[in-house]
Amino acid sequence: MNEKNIIEKRQIRNIKVRELVEKAHKVSTSFFQNKYIYSSTEAVAELGLDEELVDQLLEDYVAQIIKAVSQFEEMLYTLQSQKDANEKLEYVDLRELAHKNLGVARNLRIEDASILLSDLMKKDDLEYLFLCIEVLRACAIILKPEYAYNTIKLIEVKSTF
């Protein structure tokens with residue numbers, strides 16, 4: 001592959017990442033009514049870790065949340081089916097997954113995710129919970145845009161096999 005093709009592919013990828021981030025900002029801002037900006041300073045100071053390690057933990061968290069969103073969606077669709085069939089709604093799996101991710105968000109001092117994951121653990125309104133996972137995904141994208149984009153693409157590739 002020649003240099004021109006490499007540059008072209010990188011430019012296209014950068015455009016796609018920017019578009020993903022713009023959509024994520026719209027979703028996040030409409031939910032929170034402000035522009036939350038994460039800073040790892042508090043996590044670095046309180047956890048006693050260096051910036052590089054916290055950055056790596058943030059990347060792991062973003063991948064974890066991007067993957068968890070599809071699990072949350074499946075669980076919420078199951079709950080919606082239970083509701084439509086007038087069955088008892090079983091929130092246990094949803095709440096356990098939210099709890100698992102909430103611990104990581106709190107440790108890394110990611111405030112917007114902590115709010116959303118807490119709501120996923122406590123609230124029962126399915127429409128609101130669907131909104132929470134959409135916003136949670138957007139917040140993860142904003143946190144580490146390129147890493148989130150790569151994770152999303154990797155999931156897409158794996159799902160075609």
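1. In this predicted model, helix α4 passes helix α5 in a left-handed crossing. The contact draws on L94, R95, A98, H99, N101, L102, A105 and R106 from α4, and on A113, S114, L117, S118, L120, M121 and K122 from α5. Sorted by class, the residues of this contact comprise eight nonpolar, four polar and three charged.

2. The geometry of this pair may be stated as follows. Helix α4 covers residues 92-107 and helix α5 covers residues 111-122; their axes come within 8 Å and cross at roughly 160 degrees. Angles over 145 degrees count as roughly antiparallel, and α4 and α5 are therefore roughly antiparallel to each other.

3. Helix α4 also packs against helix α3. The angle between α3 and α4 is about 160 degrees, and their axes lie 10 Å apart; the two helices are therefore roughly antiparallel to each other. Here α3 passes α4 in a left-handed crossing. On the α3 side the contact is made by Y61, Q64, I65, A68, Q71, F72, M75, L76 and L79, and on the α4 side by D93, L94, L97, A98, K100, N101, V104 and A105. The contact of α3 with α4 has 12 nonpolar, three polar and two charged residues.

4. What span should helix α3 have, given its 34 residues? At 1.5 Å a residue, helix α3 (residues 51-84) should span 50 Å, and its end C-alpha atoms are 48 Å apart, which agrees.

5. At its start, a side-chain oxygen of D50 reaches to within 3.1 Å of the backbone nitrogen of E52. After the helix comes N86, which has a positive phi, near 55 degrees.

6. A further helix pair is formed by α6 (residues 126-143) and α7 (residues 145-159), which pack at an angle of about 125 degrees with axes 5 Å apart. Angles of 65 to 115 degrees count as roughly perpendicular and those over 145 as roughly antiparallel; α6 and α7 are therefore oblique to each other. Helix α6 contributes R137, A140, I141, I142 and L143 to the contact, while α7 contributes P145, A148 and I152. This contact of α6 with α7 has seven nonpolar residues, no polar residues and one charged residue.

7. As to the overall architecture, the protein has seven helices and zero strands. Along the sequence the pattern reads α-α-α-α-α-α-α. Taken along the principal axes, the C-alpha atoms of the protein fill a box of roughly 60 × 40 × 30 Å.

Conventions: Residues are numbered from 1 along each chain as its sequence is written. This is a predicted model: local features need pLDDT of at least 70, side-chain atom pairs count only at pLDDT 80 or more; totals for chains, interfaces and linings use all residues. Side-chain values use heavy atoms; hydrogens and water are left out. Axes are lines fitted to C-alpha atoms, for helices over the stretch in contact, and angles run from 0 to 180 degrees between N-to-C directions. Helices (H or I, at least four residues) and strands (E, at least two) are DSSP runs, numbered from the N terminus. Angles under 35 degrees count as roughly parallel, over 145 as roughly antiparallel, 65 to 115 as roughly perpendicular and the rest as oblique. A crossing is left-handed if the near helix is turned anticlockwise from the far one by less than a right angle, and right-handed if clockwise. Contact means heavy atoms within 4.5 Å. Ala, Val, Leu, Ile, Met, Phe, Trp, Tyr, Cys and Pro count as nonpolar, Asp, Glu, Lys and Arg as charged, and the others, Gly among them, as polar. The expected span of a helix is 1.5 Å times one less than its number of residues. A polar contact is a pair of N or O atoms within 3.5 Å; within protein, one must be able to donate a hydrogen and the other to accept it, and residues adjacent in sequence count only if both atoms are side-chain atoms.
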